[in-house]
Amino acid sequence: MKKLLAVILAAVLLAEPALAVETLAGDDITISAPYAVLMESSTGEVLYEKESHAHCSPASVTKVMTMLLVAEAIEAGTISLDTVVTASANAASMGGSQIWLEQGEQMTVDEMLKCVAVVSANDCAVALAELIAGTEEAFVQRMNQRAAELGMEDTHFTNCTGLLDDDEHYTSAYDIALMSRALISHDMIKDYTTIWMDTIRDGEFGLSNTNKLIYYYDGATGLKTGFTSKAMYCLSATAERDGVEYIAVVLHADTSADRFEDAKTLLSYAFANYDLASLRPSEALPPVPVTLGTADSVQPVYEGNEYILEEKGTLSDLSYDLALVESVAAPVYAGQSLGTLTVYSGETVLAQINIVASEAVERLSLWDIYGSLIGALIGRKEV
């Protein structure tokens, strides 16, 4: 009966769209910027969009991808925060926002990343790009490759700073939200994007964050501002309260104040109206016994998002129905289905989560089986 119920539920869920928050229409929120998107970070759920896939010049919001590749290189161990970076003539020649690096000047990755995050330093961005990839051009290739991996279909980079108004350098509000979501998944980046004021060069050069939300918006965690005469005023803003984090992207606002006000409007709406519900019970999943396997059991894990985003006040008490196989025969492959978890809000099915094997378990060979039997027999005789 349980198997039949699971089949029926799966059929229903496949036939109907997954439960999701309805995207707001343009009339539900009023913002002045022509391009925008509001996304919840853990689920990737889009709550609001306004021409979110239009190709736009991103200005220095480009550096979200630059910082992402730096953060990934740090976590991969190819560079560290203590790695010393020597500024090239090319890096020192950058205009726009900068800290006036001199050719041959040395700083750590920690210092340069801080300058990129806080004051949008173009010279430091190029120096870091050259450290990671050898040249800015090679780094840009990695930027575009990473964009493709993230599903950023409306993006093409030609530089790592966004300083130049190049027609071939473009992205969209939605794609910026995607790369912002990837960046804030690295907690270490917030050590930099939440700095309001700081100094470098032994206190001789002051830094003040270009993102004014860090100073006056409760829960602000970042992320990046941008401006050129073509891109106008741009912003990817992130904020977290009570374990829920949202991303508000605003592009081509008329004034700096407008972009901050628009982002604040989007973020405040999200915090006031939505919340996360857990798609996991508090109890850990028990190991599943494996017959004739090289391991006695395999650990099941949940697939998909850990949370679901819902409007506040719409959920009843959540309950969970676990349907897990009693055992599984080897060989077991990683990702093999072992059961399902059905999540209810009251009597309504909220979601059905697939449960899979976390790793592969090979089947015992005949010699292994014979050896086990002989060992068992010998053990019995000795007893």
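How many helices and strands are there in the chain? The chain contains eleven helices and 18 strands, where helices (H or I, at least four residues) and strands (E, at least two) are DSSP runs numbered from the N terminus. The structure is a predicted model, in which local features need pLDDT of at least 70 and side-chain atom pairs count only at pLDDT 80 or more, while totals for chains, interfaces and linings use all residues. Residues are numbered from 1 along each chain as its sequence is written, and side-chain values use heavy atoms, with hydrogens and water left out.

**Figure 1. Overview of the chain.** Of the 383 residues, 47% are buried; buried means under 20% relative accessible area, exposed over 50%, and partly exposed in between (1.4 Å probe, protein chains only). The accessible surface comes to about 18300 Å², and carbon and sulfur atoms hold 51% of that area; the areas come from the Shrake-Rupley method with a 1.4 Å probe, and for residues only the protein chains shown count as cover. Among contacts with a separation of 6 or more, 64% link residues 24 or more positions apart, a contact being heavy atoms within 4.5 Å.

**Figure 2. Helix α7 and its surroundings.** Helix α7 (residues 173-184) has twelve residues and spans 16 Å from its first C-alpha to its last, close to the expected 16 Å; the expected span is 1.5 Å times one less than the number of residues. Ten of the twelve residues of α7 are buried, including D175, M179 and S180. The buried residues of α7 pack against β1 (35-40), α2 (63-76), α8 (190-193), β7 (220-228), β8 (232-241) and β9 (244-253).

**Figure 3. Residues in the loops on either side of α7.** S172 lies in the loop between α6 and α7 and counts as buried because its relative accessibility is 0%. Its side chain reaches the backbone nitrogen of D175 at 3.1 Å. The C-alpha atoms of S172 and H55 are separated by 5.1 Å, although the two residues are 117 residues apart along the chain. Leaving aside neighbours within four places in sequence, S172 is in contact with S52, H53, A54, D154, T155 and L251. H186, in the loop between α7 and α8, counts as buried because its relative accessibility is 11%. Not counting residues up to four places away in sequence, H186 touches L68, A71, E72 and E75.

**Figure 4. Strand β1 between two partners.** Five of the six residues of β1 are buried. Six bridges join β1 to β9 in an antiparallel arrangement, and four bridges join β1 to β2 (residues 46-50), also antiparallel; two strands pair if DSSP finds at least two bridges between them. A36 has V250 as its bridge partner in β9 and K50 as its bridge partner in β2. The hairpin of β1 and β2 has five residues between the strands, and G44 in the turn has a positive phi of about 75 degrees.

**Figure 5. Nonpolar cores.** In the largest nonpolar core, of 67 residues, M65 and I99 touch the most other members; such a core is a set of buried Ala, Val, Leu, Ile, Met, Phe, Trp, Tyr and Cys residues joined through side-chain atoms within 4.5 Å. Elements that each supply at least two residues of this core include β1, α2, α7 and β9, and the largest share, nine residues, comes from α2. Not counting residues up to four places away in sequence, M65 touches M143, R146, A147, L150, M152, F157 and M179. A second, separate core of 28 residues includes A239, A248, F260 and A263.

**Figure 6. The sheet β12-β11-β16.** Three strands in this order form an open sheet with mixed pairing. β12 (297-298) and β16 (328-329) stand at the edges, each with a single partner strand, so one side of each has no neighbour in the sheet. Two bridges join β11 (residues 288-291) to β16 in parallel, and T291 has A329 as its bridge partner in β16.

**Figure 7. Backbone geometry.** Most residues other than glycine have a negative phi, and most peptide bonds are trans. A cis peptide bond joins G222 and L223, with omega about 25 degrees; L223 belongs to strand β7. Another cis peptide bond joins A330 and P331, with omega about 0 degrees. E51, in the loop between β2 and α2, has a positive phi near 50 degrees and is exposed at 55% relative accessibility. D242, in the loop between β8 and β9, has a positive phi of about 50 degrees and is exposed, with a relative accessible area of 81%.

Technical notes. Polar contact = N/O pair within 3.5 Å; in protein donor to acceptor, adjacent residues only side chain to side chain.
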